[in-house]
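Please consult the sequence and the coordinates alongside the points below.

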Amino acid sequence: MIQSYRDLEVYQRAYKLALKVHQITLNFPKYETTELASQLRRAALSIPINIGEGYGRKSSTADFKRFLIMALGSCDEVRIEIDFAKDLGYIDEATYEELTSEYVILGKQIRVLHEKWE
């Protein structure tokens, strides 16, 4: 039984991925601290934040769905920033493939939750 946003599998995945992204960006060049690394961390973190905040407003289905759409947008943003990180040589191919795959799955989970939530 779902008693809080923390019980949602999509939230758990988003949270773990945000932690992983944070750890990875700590190895970016120092000059990227306030640029790509910071933007990537904020986008990754906004996904579980939007899921949690939206769930907190679950008395309104429309509100929760709106927050899920914002989370989905952040998911796509992360994927673009991961592309940049790979192309700039900040992450290797294996890390790129892993993160891309995980964010594709997360995006699908968010879409399914959005479609099925009543």
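Which residues do ring pairs link into a cluster? The model is a predicted one, and in it Y5, Y11 and Y15 are joined into a cluster by ring pairs. Over the whole structure, the search finds six aromatic pairs.

**Aromatic pairs at W117**

- Y55 and W117 form an edge-to-face pair, with 6.1 Å from centre to centre and 70° between the planes.
- This pair links distant parts of the chain, as Y55 belongs to helix α2 (residues 36-56) and W117 to the segment after α4 (93-116), 62 residues apart.
- Both Y55 and W117 are buried.
- F64 and W117 also form an edge-to-face aromatic pair, with a centre-to-centre distance of 4.7 Å and an angle of 70° between the planes.
- The pair of F64 and W117 likewise links distant parts of the chain: F64 is in helix α3 (residues 61-87), W117 is in the segment after α4, and 53 residues separate them.
- F64 has a relative accessible area of 0% and is therefore classed as buried.
- W117 has a relative accessible area of 17%, so this residue too counts as buried, the cut-off being under 20%.

**Surroundings of Y5**

- Y5, a member of the tyrosine cluster, lies in the segment before α1.
- Its relative accessibility is 26%, so Y5 counts as partly exposed.
- Apart from neighbours within four places in sequence, Y5 is in contact with Y11, I51, G52 and Y55.
- Y5 and T100 are 95 residues apart in sequence, and their C-alpha atoms are 24 Å apart in space.

**Packing of α1 and α2**

- Two packed helices are described by the angle between their axes and the distance between those axes.
- Helix α1 (residues 9-25) packs with α2 at an angle of about 165°, and the axes are 8 Å apart.
- The two helices are therefore roughly antiparallel, since angles over 145 degrees are classed in this way.
- The crossing of α1 and α2 is left-handed.
- On the α1 side, the residues that meet α2 are V10, Y11, A14, Y15, A18, V21, H22 and T25.
- On the α2 side, the residues that meet α1 are A37, L40, R41, A44, L45, I47, P48 and I51.

**Charge over a ring**

- K86 lies over the face of Y96, at 5.0 Å from the ring centre.

Methods
Residues are numbered from 1 along each chain as its sequence is written. This is a predicted model: local features need pLDDT of at least 70, side-chain atom pairs count only at pLDDT 80 or more; totals for chains, interfaces and linings use all residues. Side-chain values use heavy atoms; hydrogens and water are left out. Rings of Phe, Tyr and Trp (its six-membered ring) pair if their centres lie within 6.5 Å; planes under 30 degrees apart count as stacked, over 60 as edge-to-face and the rest as tilted. Helices (H or I, at least four residues) and strands (E, at least two) are DSSP runs, numbered from the N terminus. Buried means under 20% relative accessible area, exposed over 50%, partly exposed in between (1.4 Å probe, protein chains only). A charge sits over a ring if NZ of Lys or CZ of Arg is within 6 Å of the ring centre and within 35 degrees of the ring normal. Axes are lines fitted to C-alpha atoms, for helices over the stretch in contact, and angles run from 0 to 180 degrees between N-to-C directions. Angles under 35 degrees count as roughly parallel, over 145 as roughly antiparallel, 65 to 115 as roughly perpendicular and the rest as oblique. A crossing is left-handed if the near helix is turned anticlockwise from the far one by less than a right angle, and right-handed if clockwise. Contact means heavy atoms within 4.5 Å.
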